[in-house]
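Please read the following report alongside the sequence and the three-dimensional model. It takes the sheets first, then the helices, and then individual positions.

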Amino acid sequence: MERPEVMSIQSSADVVLVRQAVRQCAVDLKFSLVDQTKLVTAASELARNTLDYGGGGTVTIETVDTGDRRGVRLTFADQGPGIPNLELALKDGYTTGGGLGMGLSGTKRLVNEFDIVSKVGEGTVVTIIKWK
Amino acid sequence: MERIPILQMGEFLLVTIQVDMHDRLAMTLQDDLTNRISQVKARGVLIDISALEIVDSFIGRILGNIAKMAQVLDAQTVVVGMQPAVAITLVELGLSLTGIRTALNVEKGMALLTSTFNQDGTAIELSVLPRERADLYGET
């Protein structure tokens, strides 16, 4: 598959397609089953956030190679309302209703690198990396 | 409309989730199961998730909702067949699936449901939490 791959997230069926594409990328890099599962679960949480809170957006799936290690980088971007209080949103148990309050904080624990940039009125970009 | 089939076996309902569920499909399952429990006066629900490759917070919430709604309708729910990688990921994500009883496979899940009811068909008091913990963390 050509990478980087950009996928649109506009419906819950798209979230399933994102999970499948991320799984394929992790399999191509020969991730262990547990690491595949963690990465796909993280992708599912973030894709749903993009859809539910960001009003839809895109994900970019790419492999990164620093010479001594390889990994998968996922960038979720939306042009939604943004997150006014990032610190609060990253707290365990914080929820605005949809899930179980484990979305962002829990997702952070499943990956190696986690970065979030959000501007109220402009949108949110979440970038994660899972190294092999 | 796409649906997950619900099988009836005596006073139990069986569900095997064999597709990568999108969110609306999961919510349809929640509604269908709740209706069927009431229609057929089911006493137990067994959900086989051995084919599920991930359980994220949304699916976790749906499983919890099903268990709670079933409880209110006087039925017990057992979730069986969770893959080890899924269990590891769930715990790391911070989900403990509180209130959901689990068993390793369909056979053990059925045995658990059957043992829940004595010969009059009335429920025996359950201790839910210790068993759930033991299944999730591999304690004996």
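## The first hairpin of chain B

Strand β1 (residues 6-9) of chain B is joined to β2(B) by four bridges, and the two run antiparallel; strands here are DSSP runs of E of at least two residues, helices are runs of H or I of at least four residues, both numbered from the N terminus, and two strands pair if DSSP finds at least two bridges between them. Within this pairing, B:Met9 stands opposite B:Phe12 in β2(B). Two residues lie between the strands of the hairpin, and there B:Gly10 adopts a positive phi near 60°.

The model is predicted: local features need pLDDT of at least 70 and side-chain atom pairs count only at pLDDT 80 or more, whereas totals for chains, interfaces and linings use all residues. Residues are numbered from 1 along each chain as its sequence is written, chains are lettered from A and ligands numbered from 1 in the order in which they are written, and side-chain values use heavy atoms, with hydrogens and water left out.

On β2(B), five bridges in the parallel sense connect to strand β3 (residues 44-48) of chain B, where B:Leu13 has B:Val45 as its bridge partner and B:Val15 stands opposite B:Ile47. The chain passes from β2(B) to β3(B) through helix α1 (residues 23-40) of chain B, in a β-α-β crossover that is right-handed, meaning that, with the strands pointing away from the viewer, the path from the first strand over the helix to the second runs clockwise. Strand β2 (residues 12-16) of chain B is largely enclosed by the rest of the structure, because four of its five residues are buried, that is, under 20% relative accessible area, with exposed meaning over 50% and partly exposed in between (1.4 Å probe, protein chains only).

In chain B, five strands make up an open sheet in the order β1-β2-β3-β4-β5, with mixed pairing. Its edge strands, each pairing on one side only, are β1 and β5 (101-103) of chain B, and the twist from one strand to the next averages 25°. Helix α2 (residues 57-72) of chain B lies across β3 and β4 (76-80) of chain B and runs at about 155° to β4(B); axes are lines fitted to C-alpha atoms, for helices over the stretch in contact, and angles run from 0 to 180 degrees between N-to-C directions.

## Chain B as a whole

Chain B contains five helices and five strands, which follow one another from the N terminus as β-β-α-β-α-β-α-β-α-α. Of its 140 residues, 50% count as buried. Among contacts (heavy atoms within 4.5 Å) between residues of chain B at least 6 apart in sequence, 71% join residues at least 24 apart. The accessible surface of this chain is about 7000 Å², and 53% of that belongs to carbon and sulfur atoms; the areas come from the Shrake-Rupley method with a 1.4 Å probe, and for residues only the protein chains shown count as cover.

## The antiparallel sheet of chain A

Chain A also has an open sheet of five strands, in the order β1-β2-β3-β5-β4, and here the pairing is antiparallel. Seven bridges link β4(A) to strand β5 (residues 123-131) of chain A in the antiparallel sense, with A:Asp115 opposite A:Thr127 in β5(A).

Helix α1 (residues 12-28) of chain A lies across β1, β2 (57-65) and β3 (70-78) of chain A, running at about 160° to β1(A). Helix α2 (residues 33-52) of chain A reaches 28 Å from its first C-alpha to its last, close to the 28 Å expected for its 20 residues at 1.5 Å a residue, the expected span being 1.5 Å times one less than the number of residues. This α2(A) is mostly covered, with 15 of its 20 residues buried.

B:Ser38 belongs to helix α1 of chain B and counts as partly exposed because its relative accessibility is 44%. Its C-alpha atom is separated by 16 Å from that of B:Thr28, ten residues apart along the chain.

B:Ser96 lies in the loop between α3 (84-93) and β5 of chain B, and with a relative accessible area of 32% B:Ser96 is partly exposed. The C-alpha atoms of B:Ser96 and B:Val106, ten residues apart along the chain, are 21 Å from each other.
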